[in-house]
4 protein chains.
Amino acid sequence: MGNTFGHLFRITTFGESHGGGVGVIIDGCPPRVAISSDEIQAELDRRRPGQSKITTPRKESDRCQILSGVFQGKTLGTPIAILVQNKDTRPQDYSEMATTYRPSHADATYDAKYGFRNYQGGGRSSARETIGRVAAGAIAKKILHQAAGVEIIGYVKRIQDLEATVDVDTVTLAAVEGNIVRCPDLTAAERMIDRIEASRDQGDSIGGVVECVARQVPKGLGSPVFDKLEADLAKGVMSLPASKGVELGSGFAGTLLTGSQHNDEFYRDDQGEIRTRTNRSGGTQGGISNGETIVMRVAFKPTATIRREQRTVTSQGQETVLAARGRHDPCVLPRAVPMVEAMMALVLCDHLLRHHGQCHLLD
Amino acid sequence: MGNTFGHLFRITTFGESHGGGVGVIIDGCPPRVAISSDEIQAELDRRRPGQSKITTPRKESDRCQILSGVFQGKTLGTPIAILVQNKDTRPQDYSEMATTYRPSHADATYDAKYGFRNYQGGGRSSARETIGRVAAGAIAKKILHQAAGVEIIGYVKRIQDLEATVDVDTVTLAAVEGNIVRCPDLTAAERMIDRIEASRDQGDSIGGVVECVARQVPKGLGSPVFDKLEADLAKGVMSLPASKGVELGSGFAGTLLTGSQHNDEFYRDDQGEIRTRTNRSGGTQGGISNGETIVMRVAFKPTATIRREQRTVTSQGQETVLAARGRHDPCVLPRAVPMVEAMMALVLCDHLLRHHGQCHLLD
Amino acid sequence: MGNTFGHLFRITTFGESHGGGVGVIIDGCPPRVAISSDEIQAELDRRRPGQSKITTPRKESDRCQILSGVFQGKTLGTPIAILVQNKDTRPQDYSEMATTYRPSHADATYDAKYGFRNYQGGGRSSARETIGRVAAGAIAKKILHQAAGVEIIGYVKRIQDLEATVDVDTVTLAAVEGNIVRCPDLTAAERMIDRIEASRDQGDSIGGVVECVARQVPKGLGSPVFDKLEADLAKGVMSLPASKGVELGSGFAGTLLTGSQHNDEFYRDDQGEIRTRTNRSGGTQGGISNGETIVMRVAFKPTATIRREQRTVTSQGQETVLAARGRHDPCVLPRAVPMVEAMMALVLCDHLLRHHGQCHLLD
Amino acid sequence: MGNTFGHLFRITTFGESHGGGVGVIIDGCPPRVAISSDEIQAELDRRRPGQSKITTPRKESDRCQILSGVFQGKTLGTPIAILVQNKDTRPQDYSEMATTYRPSHADATYDAKYGFRNYQGGGRSSARETIGRVAAGAIAKKILHQAAGVEIIGYVKRIQDLEATVDVDTVTLAAVEGNIVRCPDLTAAERMIDRIEASRDQGDSIGGVVECVARQVPKGLGSPVFDKLEADLAKGVMSLPASKGVELGSGFAGTLLTGSQHNDEFYRDDQGEIRTRTNRSGGTQGGISNGETIVMRVAFKPTATIRREQRTVTSQGQETVLAARGRHDPCVLPRAVPMVEAMMALVLCDHLLRHHGQCHLLD
């Protein structure tokens, strides 16, 4: 338990950073959905290392292979297994990682929990695990778009204090992919890139905020009371590596307003649709989508792996000093964008199926 | 689906604000735990309406009744069913709520999802639903304390911009319960109370932040990768009414730091225990508790129900104006404190059982 | 865990035979289904004690109360909580049950598992627990009938060696309810009743087989590979008290045939529908309904409670002799019929919703 | 949903008979369990085709590969992914299977459910899917043995009317593996082998009963009320291909007895342990193991694939005649033995972890 996410559209991921590979099983996928490994690969390429000068220079092609569940280019309704083999297996020296706990990594807690861990490159706590999520997210996105025209777009909203200006209702994937930091505000993007490079040059790392929106989400998704849309979204992104916070709509800033300032008044639009004039709710009310754009922000801490020396202890409790060698991301944000999108897609797709099953049966 | 939370220690809540009652079934509770309805009632009294001048004056005694699962004062290991009957059933005029959508409430989304709703007092979306959570949380707290000495303490950290100074390692329940706003910083508490009263007098409402800590949490709780402790905590509190954001440890503020500033260095304490010097991680690393204090903050928006006039529409789409009559909370924060504590207790108790089952079987 | 059944249409039962009451929460019920407590009561009356001379003379009215989830006579889509209060609480002497293990009852195993038990009348292992199942089954039946015209009919097929002749395609509820043993073959029914009375008069008990059919089940229900329809049906009925075996279609007798004798050949009927000429498969192939009548048989052992003296031990391990006093069923079969029907209805309803959610989303 | 089994020790299988491969993810495995691919392979070799003259002559080596979750020969506590690649991919002519429904196979129901299927060799409904179960079962067996000394032994109890005499308390794995039909009664085994060969020579097939026992099972496993041990065992084996019935202990035959004949009287044995003199309950009472040998029997129908001509229809509804070409099992029983053992091991292991988590936490 713990490696499965979702109820009707349900994924289970597996794999350590070193070993046979990483991947995912998607259970409950509707049948007859056209899907190719190229479409999945396109999403994986957005998260893979080595894609630009501001990500880790580690070269991993991360080619995915669909093992089951797809036949003649279409889903069968049976479990879709996707595997990405681990390639980067040069006999690297992991002896230091075997005994020394990296600060703010999961080395010590895995040892505390399991009494044993794969110390090679982070093992299960490695961000390589998210490959399975992003692969599954590619399929979820396709179903959401096909069933309801849903668009999911994530982007870097802030790096440290450098905040972008983005219109949640018009931002495009093209604008996001237009630069290597994945920030659709070009002016901000340039400053962000400079900041990341400076941090890297100092052997340090930085964090920031990813914003992710979903447009054209049908009204009615979400299952009160525990599986509220915002609750499942929060769980999804707070299970990503390095995330420390999440907010929907007005979020923490909304706590500064009064009710009369914060409430979203209803009106009837030209098509006769009931809408809200503002969207401080962020697309959900009472845990259920209201048809407005879903807006979520996720805080990612600065990467824990840095070249600077840090004090730490060994697994035996001896004090020592550690400085990361090798290749790492100075900032996870650009690669986190497709991960956040994937989690939003997985949550929405699961709730789309659940809603259809419960509420549209007797239509 | 959607009304159940947890895996081994699992709760299912039921009930609308009007009707026979609200309650909870707790499945998977360890046997032979001493528990009385008085202990549960004590927690319910912390969340009930009418407890002070800054909560709604609605009088609801909310007496709980244990229907099953407890015998001779001890848990049986069988499902514990707890019922609180709905008492406040005077033939109030709900005709306006039947047709008019309250802004930033769940009236419209419930209609969109189910095509039908109980319009009396919020129905299932009423905060009365949390009675079941708080009752179950009382039992979870007891198990956590008995098994591991865990202490869970929540409090109001901020009302709008009025922020309290609280030491997460020493704050006591007595300090929290020492005033009606449940803020252990007395100076801040007084200003908060004034602010809430002023808001109420203006027919408006305000929001803020609840902070909740768990101390003496054993190392090793949490199940990567999706059921990380922070992910389940986030889901738990983001499923509470009116919550809009959650953060663990450094949270959103941590995104402003560099890795070298943010990382928690390890050391060995006097007892030979591996500890971290700082706690920006907030008590978890890689989804697993590290033995440090768990620190979580939850943003609650200003109460949606206000006396001021707001523009809205009817369920038929006709534009109209609405002003809440009757009794409501000008600020949910004081009553939200036991709810946040309950969700943290439920998550920790579930993971304590899961951890024991998976990792200590072969000890 | 352990007290919940189903995935999208999911029930959780609670309650011991003595204490506040027994009941059920139904989560995931489609909204806008007309349901009344009278309809539920009608099913409960088929399982209640004291209904005829061949059931226990214990008088329990077992009146059900809908606490939530239904408003103005229709389901809300929110959890439906149903409670039946325990009435029969005269200060009966249970001191013997507190210490002496009844043979082939669950007294000893509950003690072994939980280290503690409610010894009054069987506690959680009492057949009173099935009240919640039958209540939920009443709603499941209604949904199945409304959505697809499904008919579920159970009956006593065999008492010891007295076997009834029943046509699975034409048997009616009226024929079943036409006599107190619930066997639609009148000749067999009379002999069964005599046999049960004779057994009762000897202070003994007997068992038999309940057969249950579902007609007009849509093709396509069931989720390979673990949640095959036959697997979920088997789990459902093997979780009933006193059941010792289950078979679908040809069952154990089918193992005597050859493949050429056993296979169900396909043909096209007058309406152009693909059908099978025989139905040894019992309505499912590969775990999925094929549109033919589902035929299941469940073996129930003779009631464990008998007036005859039996050797046993106390909880302290002292050998002793026990003879049941008071009122008990000489044969559970007549009252087991609605329980088996309920489990079949719950499984089919759950799979109807799941199928609709996964496979009809993109229609 | 539907491809996952178990709660704390939870497996998810994937794969069609043709495509990239079949396999399993095991989630929740305790850490630090020594396991090698050779141990898993040994179990897979018991189920693979081509192992003897009475199984299909299809040659599939079915070599398993552990992709994750095991490091330096021990489990990590993270998901264990096991893959068996599909090798037998000669461009066989499946055009007939693409259009013609094989009687008593799942071709027609998969089409009815999903509107699409992989017609190559049975796709997901192929018994190749059980590779994942058997692989996971090998690990479950090891944990059960290590934690509690549990022994699980299955064998062929009956082929058609040829019934073996086996002592459930003393039968050994060596005796079972001593002949190709896996029947420890040598006299019966020889007759069974002759019968299977005769059936094969006639282009036909036959069925029978597998019996499986578990010895040294600790008292207290099983979670009333729905997850009773017998309920989960029934679900497990009724989800195997070709199974039509299951019974525990006295099963269907027990319905012929009276209560006084059937009840298992308690006594105290030499070690002071509370035992039952007889074991008609089959090792469980009230859904919980009582320490006696668990005895389960599973009915398997005659293999649906036969060389004899059968009438059937095409997917378009045209009547036609079909005779299987190629290689198939005349009797699935010998290869079903390790499958039944695996399901029993998976259920017991899951409940061992659950019991430890819930009931031993506060010890």
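**Reading the interface of chains A and B**

Guide: Between chain B and chain A, 52 residue pairs are in polar contact, both residues at pLDDT 80 or more. A polar contact is a pair of N or O atoms within 3.5 Å; within protein, one must be able to donate a hydrogen and the other to accept it, and residues adjacent in sequence count only if both atoms are side-chain atoms. This is a predicted model: local features need pLDDT of at least 70, side-chain atom pairs count only at pLDDT 80 or more, and totals for chains, interfaces and linings use all residues. Residues are numbered from 1 along each chain as its sequence is written, chains are lettered from A and ligands numbered from 1 in the order in which they are written, and side-chain values use heavy atoms, leaving out hydrogens and water.

Visitor: How many salt bridges does the rule find across the interface of chain B and chain A?

Guide: A salt bridge is a side-chain nitrogen of Lys or Arg within 4 Å of a carboxyl oxygen of Asp or Glu. The rule finds 8 across this interface; one of the pairs meeting this way is A:Arg277 with B:Glu319, at 3.9 Å from N to O.

Visitor: What area do chain B and chain A bury between them?

Guide: The size of an interface is often given as the accessible area lost when the parts come together. Here the area is about 8,200 Å², 58% of it on carbon and sulfur atoms; buried area uses a 1.4 Å probe and is summed over both parts.

Visitor: How many residues are in contact?

Guide: Contact means heavy atoms within 4.5 Å. By that rule, 106 residues of chain B touch 105 residues of chain A.

Technical notes:
Buried area = accessible area lost by both parts, 1.4 Å probe.
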